[in-house]
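Student: I have the sequence and the model open side by side. Could we go through them together?

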Amino acid sequence: MAESAEQVHARVMAAADEQGRMPLPSVAEWDIFPWDVVDGALATKPLAPPAPEAPREGEDAADCRICTTDSARVIWSNERWRLKHLAERSGLPLVLILEPLEHLDFDDLDDAMAAEYGVLAVRIVRIVEGLPNIGRCHTMRVGDGATHLHVWFMARTAGLPSVKGSFAVDWDDILPPGPEEPWREDLAAVAQQLAAFDV
Ligand SMILES: [Zn+2]
């Protein structure tokens, strides 16, 4: 079972500075990070001028790191899809990635694959939102980094008012990872419940 809001809060406060703040995550250094500090006040960054779209990872399938994903991270798969966890635990209690086995982007899915994606996405959200201490499971496809479709399922803790909405993604980078055992238990629970649909 994932930690309760009280357990997460106590653990994070023990790791934070005297004001209760965690260090800035690396995303604050990214070019695409839209916020800046100007004269001591929060400000937006100027919009960068137009530029050609940068190539994404895996434009050539032979170079795709998702095609050769670490099978130890996969918690469920069938003949077309797999569900895996991140290489390392992160700030949210559970982050999962659904991806096709074949080197396909979102708009490459035929109707059968699209239909199966929809069914799987609903099942995964329903299962994760049914886990104790999980308030919501956000799901999103972005795809600006890699061509091989990878859909995010990001579970947030119930009862932590800071960690809500699209900012849960930022908190995933800000908060220190929780203990391994509850994470492993939840991964096993999702795998077992998702596999139960296969029979
Ligand atoms: Zn690929």
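Predicted model: local features only at pLDDT ≥ 70, side-chain atom pairs only at ≥ 80, totals over all residues.

Student: Okay, which elements does the chain have, and in what order?

Tutor: There are four helices and seven strands in the protein. Starting at the N terminus, the order is α-β-β-β-β-β-α-β-β-α-α. These are DSSP runs, with helices (H or I) of at least four residues and strands (E) of at least two, numbered from the N terminus.

Student: And what are the dimensions of the box?

Tutor: Taken along the principal axes, the C-alpha atoms fill a box of roughly 55 × 45 × 25 Å. The protein has 199 residues, and 38% of them count as buried. Buried stands for under 20% relative accessible area, exposed for over 50%, and partly exposed for values in between (1.4 Å probe, protein chains only).

Student: New topic: which residues are the protein donors of the zinc ion?

Tutor: The zinc ion has Cys64 (SG), Cys67 (SG), His103 (ND1) and His148 (ND1) as its protein donors, at 2.1 to 2.3 Å. Donors are N, O and S atoms within 2.8 Å of the metal (3.2 Å for Na, K and Ca).

Student: Why is the arrangement called tetrahedral?

Tutor: The arrangement around the zinc ion is tetrahedral because the angles subtended by its four donor atoms are 105 to 115°.

Student: How are the donors spaced along the chain?

Tutor: Their spacing is C-x2-C-x35-H-x44-H.

Student: Is histidine 148 buried or exposed?

Tutor: Histidine 148 is buried, at 0% relative accessible area. Histidine 103, at 24%, is partly exposed.

Student: What about backbone angles? What is phi at aspartate 39?

Tutor: Most residues other than glycine have a negative phi. Aspartate 39, although not a glycine, has a positive phi of about 50°. Aspartate 39 lies in the loop between strand E1 (35-38) and strand E2 (41-44), and its relative accessibility of 80% makes it exposed. Asparagine 133 also has a positive phi, near 70°. Asparagine 133 belongs to the loop between H2 and E6 and is partly exposed at 26%.

Student: Last one: which residues does leucine 175 touch?

Tutor: Setting aside residues up to four places away in sequence, leucine 175 touches Val12, Gly91 and Val163. Leucine 175 is in the loop between helix H3 (168-174) and helix H4 (180-196), and at 10% relative accessibility it is buried. From leucine 175 to valine 27 there are 148 residues in sequence, with 13 Å between their C-alpha atoms. In helix H2 you will find valine 125, which is buried at 18%. With the same exclusion of residues up to four places away, valine 125 touches Cys137, Thr139 and Phe153.

Note on methods:
Residues numbered from 1 in each chain as written. Heavy atoms only, no water. Tetrahedral: all angles 85-135°; square planar, octahedral: opposite > 155°, others 65-115°. Contact = heavy atoms within 4.5 Å.
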